[in-house]
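Here is a short briefing to read alongside the model. Take a look at the structure first, and then we can walk through a few of its features together.

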Amino acid sequence: MKRLFSVGLFLALALIVSLGTIRIVKAQDAAKPETGYAVKKPVFGGACKICPWGVEAEFVKKVVDPAGYNVQICYNCAGGPQEAKLVSAAKMPPPLRPNPNLPPGMDVPPPPNGPLDFGVTSNVYLWWAYQGTHEFAEDGPKKNLRLIGVIQHPSYLMVAVKADSGITDLRQIKEKGMPVRILTGVDSTYMDVLDYYGLTKEWVESKGGRIGPAIRGDERKQFDVIISGGTLENVPEWNIWYEASQKYDLKFLDLPADLIAKIEKDYDMDPGYVPANLFRGVDYPIATAVATGDAVYGRTDMPNDFAYALAKAMDEHQDELQWKIVNLSYNVHTVWKNFDVPLHPGAARYYKEKGYMK
């Protein structure tokens, strides 16, 4: 009986210890973060799968995977300056909302359950966020941001009118009091164009016209003028050009030199030309303001080894860019430069080793 009692006591104590161990393990698992650099699941601020920043997000995820990192993409973290604001403050992704501008079958999956660690945005948004200017003025400078690398992605500010509208210069609209329906892009450069010609919302509407967003399909059914950034890409932000240049006969207009200079100053763009025949209706190089580059970036708390691995992966697998639905490329002479945004030390080490920078 004593032996049986001893065995029973031993088993009972073993069970108690086991249950305690299970509770400790469960508590440790509960405390373990789902995302982040420590568990090699950093959260990347991107955009929808057929949006430029979403395409670049999937590029980053794919190329850095062999290094042992399972990047978690937030596909609903875009929206102009929003993405840079989320990354700089290490915020949680916003709630998932339906996007009516996406085609069927392109629904956005739920966001990761963790704060954003790094992301991609336009090179000017990163510069403005770092400085605390433009859309970031109210928040102040975000000096914790660091560049990893710039992916080339050219775009153009374009103005076009329906060929049968009789408009050859936007000055005619106000001079003749024309009732026009104007479609504008998702970027804010169109505002300088409207201001230059005195086409305020109040004046346009007073003449029976309308200013509406080009990204919305219902707005595209009737228009006279399009003012938007973009290029030949079938993405929600810019496919107004893809669609309208095929459906309608458009006349593309040169921008005046002084307006180009103002846009260059206001939006950190460069003077340039829309290449002839980029769209149906572009019969010669159209004078305008141009931009290039999306920036992959993080914060000062990004580990050096990850920044190094990411810069290396983007370089060694740059051939992946040529198979994307957007016009992306890699330039060893510019990948490490984004205005005066500091380069992350880990990325800098890689580019110096390769001889891309001194």
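H134 sits in the loop that links α4 to β4, and its phi is positive, about 55 degrees, even though the residue is not a glycine. This is a predicted model, in which local features need pLDDT of at least 70, side-chain atom pairs count only at pLDDT 80 or more, and totals for chains, interfaces and linings use all residues. Residues are numbered from 1 along each chain as its sequence is written, and side-chain values use heavy atoms, leaving out hydrogens and water.

**Loop residues with positive phi**
- H134 is partly exposed, with a relative accessible area of 37% (buried means under 20%, exposed over 50%, partly exposed in between, with a 1.4 Å probe and protein chains only).
- N277 is not a glycine either, yet has a positive phi of about 75 degrees.
- The loop between β10 (270-274) and β11 (286-291) holds N277, which counts as exposed at 63% relative accessibility.

**The sheet**
- An open sheet with mixed pairing is built from 5 strands in the order β2-β1-β3-β12-β4 (strands are DSSP runs of E of at least two residues, helices runs of H or I of at least four, both numbered from the N terminus; two strands pair if DSSP finds at least two bridges between them).
- β2 (72-74) and β4 (145-151) are the edge strands, each with a single partner, so one side of each has no neighbour in the sheet.
- From one strand to the next, the twist averages 25 degrees.
- β1 (residues 43-45) pairs with β2 in the parallel sense over 3 bridges, and F44 stands opposite I73 in β2.

**Helices on the sheet**
- α2 packs on the sheet and touches β1, β2, β3 (118-122), β4 and β12 (294-299), its direction making about 140 degrees with that of β3 (contact means heavy atoms within 4.5 Å; axes are lines fitted to C-alpha atoms, for helices over the stretch in contact, and angles run from 0 to 180 degrees between N-to-C directions).
- α4 (residues 123-131) lies across β3, β4 and β12, at about 110 degrees to β3.

**Where α2 meets α10**
- The axes of α2 (residues 52-64) and α10 (residues 304-316) come within 9 Å and cross at roughly 105 degrees.
- The two helices are therefore roughly perpendicular to each other (65 to 115 degrees; under 35 is roughly parallel, over 145 roughly antiparallel and the rest oblique).
- F59, V60, V63 and V64 of α2 meet F306, A309, L310, A313 and M314 of α10.
- By class, this contact has 9 nonpolar, no polar and no charged residues (Ala, Val, Leu, Ile, Met, Phe, Trp, Tyr, Cys and Pro count as nonpolar, Asp, Glu, Lys and Arg as charged, and the others, Gly among them, as polar).
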